[in-house]
Amino acid sequence: MKAGPSQEEVRQHNLGALLRHVHYGGPTSRAVLAAELGLNRSTILGLVGDLTAAGLVREELPQDTGRAGRPSLVVKPESTRVHVLAVDLGVERPAAALIGLGGVFLDRRACPWPDGHPPDPAQVAAVLAEFAEEMLADAPAGSSCVGVAVAVRGIVRHPDGLIGLTPNMGWKDLDFAGALAARLRLDLPVLVGNEANLGALAEHRRGVGRGSQNLVYLHGEIGIGAGVISGGELLRGERGYAGEVGHMTVNPFRGRLCGCGARGCLEAEAGERALLEAAGRDARTTGAEAVRSVVTAADHGDVTARAALHRVGDWLGIGIANVVNLFDPDLVVLGGTLRDVFLGSAAQVRSRINTNALSALRENLRLRVSELGGDTVLIGAAELAFSEVLARPLETLARAAGPGRP
């Protein structure tokens, strides 16, 4: 007969559950925590005491209750004492941030790549290490970095984070986590995830997808990726490659050449370059501002820009219809530059979905743009970096405070 969990294992589980609750939900009273976690008040008191002693949470009076009488204390995450390093490794520019418990941005850095193209992996690691050194030097005294995570535009193997392919950066079979960890000298593992998967986590936990258990997040830039939340969990597939809908073929016979080598992929037909070329713009000048300029021109009556949005919206709608037929989500979230593309071509996108998606699957479907905007991927990377401390709070924090830690 298999033995049940020990008392200490139950305690560790409850510590993680409480910390996750205040990390995602913000300041919460002990009474609400007891009700939400199904624990008695004395147990909650002990757990809060342990997490407070470790510097992970604190109790304080709520800012404004609007009620008479002495308000109850609320439990808050210690955002300035425990943080992670999150990196969004974009094709056009890298961004890095120190993000505290509770999702609070403490510091950030970003700059465009020289000549608009990312250098070799060693130089990229050096740039990110410089960002990290600057931010950690400015971090609040006595604070602890408990995790590092990097979001990349490409195929990332789970669980080891090997980058199998980044079609728009030219990386293949690369252990970037090891290269960056050697530069950082933080004695912390570097986790690597696909940017759309991490964007899906961010919108599910902190954005427009809160409360949805089945959503698809589509992230667009030069490429297009998807993160799928199914039954409240990230869908990874056998090796972590699930969600590569950007390389789903939508136009096989006369399709545009994709960075992966195939023709007619969704990202080749509905990505930034396709939109800018169709609008008569220099496709080498990509990015959010270039896409917005096309949408703005279309709004002001530019016929060529309007036709370009119509064409790209057509392919995007076909791609979303296929995604809806495959995953049966109740919510599709559009982020990155797809946010602007959708706002400029919503009628065309919806028309294609109505034509190509099964009626039963689109009946309760909602289409929304990202609530977290340009920070979606960074926030998702932070959630990946926080995963260890949220699962094993005291053990992870003890490692972070171990000997030799800067």
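Predicted model: local features only at pLDDT ≥ 70, side-chain atom pairs only at ≥ 80, totals over all residues.
Ala, Val, Leu, Ile, Met, Phe, Trp, Tyr, Cys and Pro count as nonpolar here, Asp, Glu, Lys and Arg as charged, and the others, Gly among them, as polar.

Start with the largest pocket. About 960 Å³ of space lies in it. Its lining has 44 residues. Nearest the centre are E92, R93, E221, G287 and A288. Several elements give two or more residues to this lining, including β5 (94-100), β6 (104-110), α9 (288-299) and α13 (376-391). By class, the lining of the largest pocket splits into 16 charged, 15 polar and 13 nonpolar residues.

Now the second largest pocket. Its volume is about 670 Å³. Here 31 residues form the lining, with H158, L201, R236, L384 and S387 nearest the centre. Among the elements giving two or more residues are α1 (7-25), β11 (190-194) and α6 (195-206). Which element gives the largest share of this lining? That is α13, with six residues. The classes are 14 nonpolar, nine polar and eight charged.

On to the sheet. Five strands form an open sheet, in the order β6-β5-β4-β7-β11, with mixed pairing. β6 and β11 are the edge strands, each pairing on one side only. On average, neighbouring strands are turned by 20 degrees against each other, direction ignored.

β7 (residues 144-152) pairs with β11 in the parallel sense, over five bridges. V152 stands opposite N194 in β11.

Last, the helices. α6 lies across β7 and β11, at about 90 degrees to β11. α13 lies across β4 (82-89), β5, β6, β7 and β11, running at about 135 degrees to β4.

Technical notes: Residues numbered from 1 in each chain as written. Heavy atoms only, no water. 1 Å grid on protein atoms, 1.4 Å probe; cavity = no way out; pocket = protein on both sides within 12 Å on 5 of 7 lines; lining within 4 Å. Points joined across faces, edges and corners; volume = space filled by probe spheres on them. Helix = DSSP H or I, 4+ residues; strand = E, 2+ residues; numbered from the N terminus. Pairing = 2+ DSSP bridges. Axes fitted to C-alpha atoms, helices over the stretch in contact; angles between N-to-C directions. Contact = heavy atoms within 4.5 Å.
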